[in-house]
Amino acid sequence: MPISDHFAGSSDVGFANEVAERVAAVRGRIADAMRRSGRTDEVTLVAVTKTHGPEAVAAAWQAGVTDVGENRVQEAESKMVATSAIPVRWHLIGHLQRNKARAATRFALVHSVDSDRIAAALDAAAGEAGITLDVLVQANVSGEESKGGVSPADVPAFADRLHLLRNLRVRGAMTMAPFDAPESTLRAVFSGARDVREALRECGHPATVLSMGMSGDYEIAVEEGATHVRLGTTLFGSRSQSERGRSEA
Ligand SMILES: *Cc1c(COP(=O)(O)O)cnc(C)c1O
């Protein structure tokens, strides 16, 4: 389907324009945060389109965004079909179930590897697909029980075991900060994730990615070294109440 077909109605054009404005504003804020922290590298904006339709993917692409994130495999798959003409890179950012491992190999980067079981299932699926799958280790730096992720103390041993999985390439670390936490807590969590990436490097993994920062905290995350920020609400508006907080892939 041509990209323009996603903008059949004038309301879609309005939505696309709005998204373009929001993307521009976010890019400005990211640039400011980088300047404040003296960074000259790059930050990848991952537009989180979960709960929104294919028009959100099209709008992001038209605004110059090349990376989109979804937290559920099934929802992502139908959007991939609907937007197959748009060459975005797909990121899987939500908790993954083993029976979805095969479909997960369609993503450019899986951010949510946090157990041996999931890692083994992804490795097997990648082997079957004949690919090497790029993954991040999700770390639970904040220690909140509601959050997935490997405890930072367990990362070195986990990282060693990941070397045995030849079809996975461990590209870095991902974390989620607590909601509405004071800035000092956010900074502690983000710098803890940086340490996790360092631990992965020390174990010999090609870990350059640091995926952290959401709509409420991405500027601080960039100041703390995020290479990938995952933004939904601030780009596309709020998700409906019933959809909010879904994190199962
Ligand atoms: C939904 C989600 C995001 C985006 O959250 P916003 O606050 O809407 O920007 C980022 N990361 C993960 C893992 C998510 O599930």
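Buried means under 20% relative accessible area, exposed over 50%, and partly exposed in between, with a 1.4 Å probe and protein chains only. The model is predicted, so local features need pLDDT of at least 70 and side-chain atom pairs count only at pLDDT 80 or more, while totals for chains, interfaces and linings use all residues. Residues are numbered from 1 along each chain as its sequence is written, and side-chain values use heavy atoms, with hydrogens and water left out.

**View 1. Helix α2 and the residue G64.** Helices (H or I, at least four residues) and strands (E, at least two) are DSSP runs, numbered from the N terminus. Helix α2 covers residues 54–62, and its buried residues are A56, V57, A58, A59 and A60. After α2 comes G64, which has a positive phi near 95 degrees.

**View 2. The buried side of helix α6.** In helix α6, residues 155–162, the buried residues are V155, F158, A159 and L162. They lie on the same side of α6 because they cover an arc of only 100 degrees around the axis; the arc is that of the directions from the helix axis to the C-beta atoms. An α-helix has 3.6 residues a turn, so residues three or four places apart point the same way.

View 3. Contact means heavy atoms within 4.5 Å.

View 4. Y218 belongs to helix α8, residues 218–223. Is Y218 buried or exposed? Y218 has a relative accessible area of 4% and is buried. Leaving aside residues up to four places away in sequence, Y218 touches V26, R29, I30, G213, V229 and L231. One of these, V229, is eleven residues along the chain from Y218, and the two C-alpha atoms are 6.3 Å apart.

**View 5. The whole protein, for orientation.** The protein has nine helices and eight strands. Its radius of gyration is 18 Å, close to the 18 Å that the globule rule gives for 249 residues, so the protein is as compact as a globular protein of that length. The radius is taken over C-alpha atoms, and the rule is 2.2 Å times the number of residues to the power 0.38. Along its principal axes the C-alpha trace spans about 55 × 45 × 35 Å. Buried residues make up 50% of the 249 residues.
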